[in-house]
Amino acid sequence: MYHKYEKIFSVILFILMCAGLGVLIYVGKYNHPTGDDYYYGADTVRVFRETGSIVQTFKAAVEGVIYQYYNWQGTYSAMLLMYLPPNIFGENAYRLVTAVILLLYAGCTFYALKPLLRDILGMNRRGFCICAASIVMLSVQTVQFAGESYFWYNGSMYYTGYFALTLFFLGLAFRFMIEPGRGYIPVLALLAIFLAGGNYVSLLPCILIMFTAFAVLLLRHSGKALPIGVVTALMTGGLLVSAAAPGNMMREEQLWEMSAWKAVLKSIRQGFIYTGAWTGIWWLITVLLITPCLWNAYGRLEFRHPVIVVGYLFGIFCSMSCPTFYAMNSTGPARAVAVVYYGFIFLSLAAYAYVLGALHGRFASHAGGSPGFWAAGLSAIIVLTAFQVFSGEIQECTGAKAIHIIISGEGVQYEKEYIERLSVLEDDSIEDVVFKPYTVQPEMLYVGDFTDDINNENNIKAAQYFGKNSLMVDYADY
């Protein structure tokens, strides 16, 4: 029964995924820089305006990375991108941020899942499309912090962007382990060094996965062990270079210090909390959508150690919280929690798929293939989706929020007020800038503003960015 409708389901889900991404990308046309986009761009935009040279601008960015390495933060490749925000090349370039981040995330999700679902599990193209599209929709539409995850360049690039590239890296590594090719290792090596200079939330689980792959290949006396080991060593070495930055030491003096073991214990505890909070109806709907695809693909592999595998995947998930607990004694900023949420989706569904595979080995000849089984699953999807619609929960999805921004006119008004501010900032006759707060603060588009203190560090850098003496927002009447 299911095979008859699989093509229809795959087309519908792919269209829904594209529509969900499309409406967010459309809202991205109202997107504008803020905060650290100006802070890190102040020096590089000056060089670009004075020279018009991409090479000189890049050189200034490298100098900024070196300064930050010794004075604030060791994440070398991320800092380079922070010093090169799109707004330094023109305000319109910033409108592309949302499109680039979302398409990168969706594309890398499909790329990483293909070798696992198609090549290893043997799933057909329609089933693969259903699984990948469902995962993209679940993660994009239900993430709680879309503004910092898809709209604000500095935050979205550093977290969602690096997580997406980590998926691409793992997808490439999986392909090499399935069928080695000459071009894989050089690209993996370069990516390993690049990713090692990014956020630790997505980096740590990636290193653990690669180390596991290396250990398994080594035990099997595979010739692939050495190249995978070299790539893993490069990534680990990059992490050590990043972590050893003098700037990190200076930064930690201002933050909470915690022992590594305490951070691990807190991360495990937080893993259980997140699992309870994030295993909701949307997650269950996704499970129901991918179950038939998985069930029909089983038969090629044996799933003999569900307890060990589920425990391992949960450990990988918990590792994502270790860096923020170790450095900050907290779950970290919203954009970091969003990456942990992506990790939960991928790893929890992987655990579910493995357990389902173990059950398939026992019950493949029973109810799994009956029309009533699939009809019950489809009915459950319809009922649960209807519940989400009528309960109003669907309004919390990022796509629904984007539609509200469009229909309510908040996006247009926000754009108008930003353009009015920009005209002041570009007016050379005005040296001390005082703004009124935005009258609208559209969710997702608005992630913060300048303060009322002209001595605030972000205000000072923004003033430098536009060549002003001072800049502030007057909140006196608000």
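## A buried asparagine, N199

N199 is buried, with a relative accessible area of 1%; buried means under 20% relative accessible area, exposed over 50%, and partly exposed in between, using a 1.4 Å probe and protein chains only. This is a predicted model, in which local features need pLDDT of at least 70, side-chain atom pairs count only at pLDDT 80 or more, and totals for chains, interfaces and linings use all residues. Residues are numbered from 1 along each chain as its sequence is written, and side-chain values use heavy atoms, with hydrogens and water left out.

You will find N199 in the loop between α9 (184–196) and α10 (200–219). Helices here are DSSP runs of H or I with at least four residues, strands are runs of E with at least two, and both are numbered from the N terminus. The N199 side chain reaches the backbone nitrogen of V201 at 3.0 Å. Setting aside residues up to four places away in sequence, N199 touches Y158, Y159 and Y162, where contact means heavy atoms within 4.5 Å.

## S202, on helix α10

S202 sits in helix α10 and counts as buried at 4% relative accessibility. Its contacts, leaving aside neighbours within four places in sequence, are Y162, F163, T166 and V339. S202 and Y162 lie 40 residues apart in sequence, with 7.3 Å between their C-alpha atoms in space.

## The largest pocket

How much volume does the largest pocket have? About 1,800 Å³. Pockets and cavities are both found on a 1 Å grid over the protein atoms alone: a cavity is a set of points where a 1.4 Å probe fits but cannot get out, a pocket is an open set with protein on both sides within 12 Å along at least five of seven lines, and lining residues have an atom within 4 Å of a point. Grid points are joined across faces, edges and corners, and a volume is the space filled by probe spheres set on the points.

Of the 45 residues that line the largest pocket, L116, I120, F174, L313 and A350 are the closest to its centre. The elements giving two or more residues to this lining are α5 (97–120), α6 (125–142), α8 (153–178), α10, α14, α15 and α17. The largest share, eight residues, comes from α10. By type, the lining of the largest pocket divides into 37 nonpolar, five polar and three charged residues; Ala, Val, Leu, Ile, Met, Phe, Trp, Tyr, Cys and Pro count as nonpolar, Asp, Glu, Lys and Arg as charged, and the others, Gly among them, as polar.

The structure holds two cavities of 30 Å³ or more. The largest cavity has a volume of about 140 Å³, and of its 16 lining residues the closest to the centre are P33, Y418, R421, Y438 and F450. Helix α20 (residues 410–425) gives the most to this lining, with five residues. The lining of the largest cavity is made up of 11 nonpolar, three polar and two charged residues.

The second largest cavity has about 40 Å³ of space. Its lining consists of T142, V143, Q144, F145, W278, V337 and Y341, which divide into five nonpolar, two polar and no charged residues.

## Aromatic rings

Rings of Phe, Tyr and Trp (its six-membered ring) pair if their centres lie within 6.5 Å; planes under 30 degrees apart count as stacked, over 60 as edge-to-face and the rest as tilted. By this rule there are 32 aromatic pairs. One of them joins F303 and Y354 edge-to-face, at 5.0 Å centre to centre and 80 degrees between the planes. This pair links distant parts of the chain, 51 residues apart: F303 is in the loop between α14 (281–297) and α15 (306–319), and Y354 is in helix α17 (residues 334–363). Both F303 and Y354 are buried.

The rings of Y438 and Y446 have centres 6.2 Å apart and planes at 80 degrees, so this pair is edge-to-face. Y438 is buried at 9% relative accessible area, whereas Y446 is partly exposed at 22%. Elsewhere, F272, Y274, W278, F314, F317, Y341 and F344 form one aromatic cluster.

## Positive phi in two loops

H221 has a phi near 55 degrees, a positive value in a residue other than glycine. H221 lies in the loop between α10 and α11 (225–243) and is exposed, at 74% relative accessibility. For N329, phi is near 55 degrees, again a positive value in a residue other than glycine; N329 is in the loop between α16 (322–328) and α17.

How values were computed: A polar contact is a pair of N or O atoms within 3.5 Å; within protein, one must be able to donate a hydrogen and the other to accept it, and residues adjacent in sequence count only if both atoms are side-chain atoms.
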